[in-house]
Amino acid sequence: MNNLHDVWRTRFFHYINEVQKYMKYVFTGHMAIVLVFIIGAGGYQYSEWLKTNPIDFPSILVTAIVIGFLLAFSSPTTLIREPDQVYLLPLETKLPIYFKKALNWTFWSQILVVVLPFIIALPMLKQIGKVSTVTIGLTFVVVVLMKWWNVQVDFAFRWANRGQAVWGDRLVRILISIIVLASVLLMNIWMMIIVAIPVIYYGFTWMKQKTMHPFPYEHFVKLEQNRMLRLYRFANYFTDVPHIHGSIKRRQWLDALYKMVAFKKENTQAYLVFRTFVRTDDHFYLWVRLTAIAGIGAFIINMPVAVGVFLAALAFATTIQLKQALISSTDFSMYMLYPLPTVYRKLAVHKIVGVVNIVQAIIVLICGIGNPLFYVGPVIMLIVGELTLRMTK
């Protein structure tokens with residue numbers, strides 16, 4: 001028993017240290033500014049929307065759907081490793097001690113994912129949904145309990161089915177969670193009693209099924225490997241992570257763009273940097289994601305101040321991440337064998353990032369057509385992007 005406690009404690013602190021090691025490069029002063037801008041713009045837009053008092057908006061249903069959807073994503077953090085298939089096998093009868101700690105950590109580490117959206121929804125529920133304070137307090141308790149239930153059932157289902165049909169289970173739990181939250185917010189006693197039956201039955205069924213099968217090490221090892229890989233790939237946007245390299249795709253449909261770089265010796269770095277941006281999934285899809293978010297924001301937000309702050313934050317995030325990702329590459333390339341000044345790479349990165357920022361601003365401009373002062377946001381993006389290029393290392 002003590003051995004399993006020690007195993008969990010050792011792995012837990014190693015995991016925390018690994019997360020802190022890379023997150024310090026993510027949540028820097030630059031990122032803090034971006035988050036402040038995004039939170040400020042979102043909060044302002046939200047408060048302005050509430051002032052319009054849209055009484056027909058289905059606030060209770062929307063809250064139940066969003067929170068119910070988030071509740072169902074409760075993948076367990078077990079920290080199981082591949083050698084455990086051998087070394088923990090003699091202790092298999094005592095594994096519940098280990099997994100109790102693992103599921104407790106899963107619950108507490110994920111609880112904010114559902115609590116924060118619920119807190120954000122409180123003004124909407126009180127003002128538009130006319131939900132009482134007592135009902136909101138009861139709903140909060142139910143949200144916490146349903147999170148615990150989802151964590152336990154997700155783990156039991158994965159164990160019993162060896163990781164198969166996970167999305168089927170998740171869809172069932174999404175539906176159950178939505179109905180539970182809606183019945184509580186509406187204070188429908190009969191609906192609460194009826195929905196309690198599938199909650200108890202579904203949970204009890206998979207808890208029982210779990211005891212009939214050996215622990216599927218292969219699935220949980222893969223689950224842990226994928227989870228850590230996502231962490232490393234995210235951190236790799238901000239700093240070099242050993243052994244993590246984005247996959248490379250040619251993207252033949254973009255080959256014509258390379259002709260934009262003139263065939264000159266001094267453009268060698270510009271050509272290579274541009275190819276790196278286009279063909280590396282991490283860099284290319286980072287730009288695509290942030291551009292899509294900016295375009296959606298420009299289309300939805302109709303207040304010039306809010307959209308300006310929002311787009312400025314995204315322009316900063318796009319520029320700083322692309323610049324650091326492209327300029328910090330340490331891979332060996334053939335150009336290192338030629339007498340090209342090292343400053344050429346930095347200049348090339350500035351040039352390429354500047355060009356993709358212009359493309360991003362044009363896309364945002366098109367998406368915002370129809371909103372007041374729709375052209376201001378893209379101009380702000382270009383200014384912020386250029387300042388970020390010039391003022392950051």
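Q: How many helices and strands does the protein chain have?
A: Helices (H or I, at least four residues) and strands (E, at least two) are DSSP runs, numbered from the N terminus. Here the protein chain has 14 helices and 0 strands. Its pattern along the sequence is α-α-α-α-α-α-α-α-α-α-α-α-α-α. This is a predicted model: local features need pLDDT of at least 70, side-chain atom pairs count only at pLDDT 80 or more, and totals for chains, interfaces and linings use all residues. Residues are numbered from 1 along each chain as its sequence is written, and side-chain values use heavy atoms, with hydrogens and water left out.

Q: What share of the residues of the protein chain count as buried?
A: Buried means under 20% relative accessible area, exposed over 50%, partly exposed in between (1.4 Å probe, protein chains only). Of the 393 residues of the protein chain, 45% are buried.

Q: Among contacts between residues at least 6 apart in sequence, what percentage join residues at least 24 apart?
A: Contact means heavy atoms within 4.5 Å. In the protein chain, the share of such contacts is 81%.

Q: At what angle do H6 and H8 pack?
A: Axes are lines fitted to C-alpha atoms, for helices over the stretch in contact, and angles run from 0 to 180 degrees between N-to-C directions. Helix H6 (residues 133-161) packs on helix H8 (residues 189-210) at about 40°, and their axes are 8 Å apart. Angles under 35 degrees count as roughly parallel, over 145 as roughly antiparallel, 65 to 115 as roughly perpendicular and the rest as oblique. H6 and H8 are therefore oblique to each other.

Q: In which hand does H6 pass H8?
A: A crossing is left-handed if the near helix is turned anticlockwise from the far one by less than a right angle, and right-handed if clockwise. H6 passes H8 in a left-handed crossing. Residues in this contact include Trp-149 and Phe-157 of H6, and Tyr-202 and Trp-206 of H8.

Q: How many nonpolar, polar and charged residues are in the contact of H6 with H8?
A: Ala, Val, Leu, Ile, Met, Phe, Trp, Tyr, Cys and Pro count as nonpolar, Asp, Glu, Lys and Arg as charged, and the others, Gly among them, as polar. The contact of H6 with H8 has 11 nonpolar, 4 polar and 1 charged residues.

Q: How do H5 and H6 pack?
A: Helix H5 (residues 95-127) meets H6 at an angle of about 145°, with axes 9 Å apart. The crossing of H5 past H6 is right-handed. Among the contact residues are Phe-99 and Phe-118 in H5, and Phe-140 and Trp-148 in H6. By class, this contact of H5 with H6 has 16 nonpolar, 5 polar and 2 charged residues.

Q: Where does Ser-59 lie, and what does Ser-59 touch?
A: Ser-59 lies in helix H3. Ser-59 is buried, at 3% relative accessible area. Beyond four places in sequence, Ser-59 touches Met-124, Leu-125, Ile-128 and Gly-129. A polar atom of the Ser-59 side chain lies 3.3 Å from the backbone nitrogen of Gly-129.

Q: How far apart are Ile-60 and Gly-129 in sequence and in space?
A: Ile-60 also has its place in H3 (residues 59-72). Ile-60 and Gly-129 are 69 residues apart in sequence, yet 6.2 Å apart in space, C-alpha to C-alpha. Ile-60 is buried too, with a relative accessible area of 15%.

Q: Is Leu-79 buried or exposed?
A: Leu-79 sits in the loop between H3 and helix H4 (84-87). Its relative accessibility is 7%, so Leu-79 counts as buried. Leu-79 and Val-221 are 142 residues apart along the chain, with C-alpha atoms separated by 7.9 Å.

How values were computed. A polar contact is a pair of N or O atoms within 3.5 Å; within protein, one must be able to donate a hydrogen and the other to accept it, and residues adjacent in sequence count only if both atoms are side-chain atoms.
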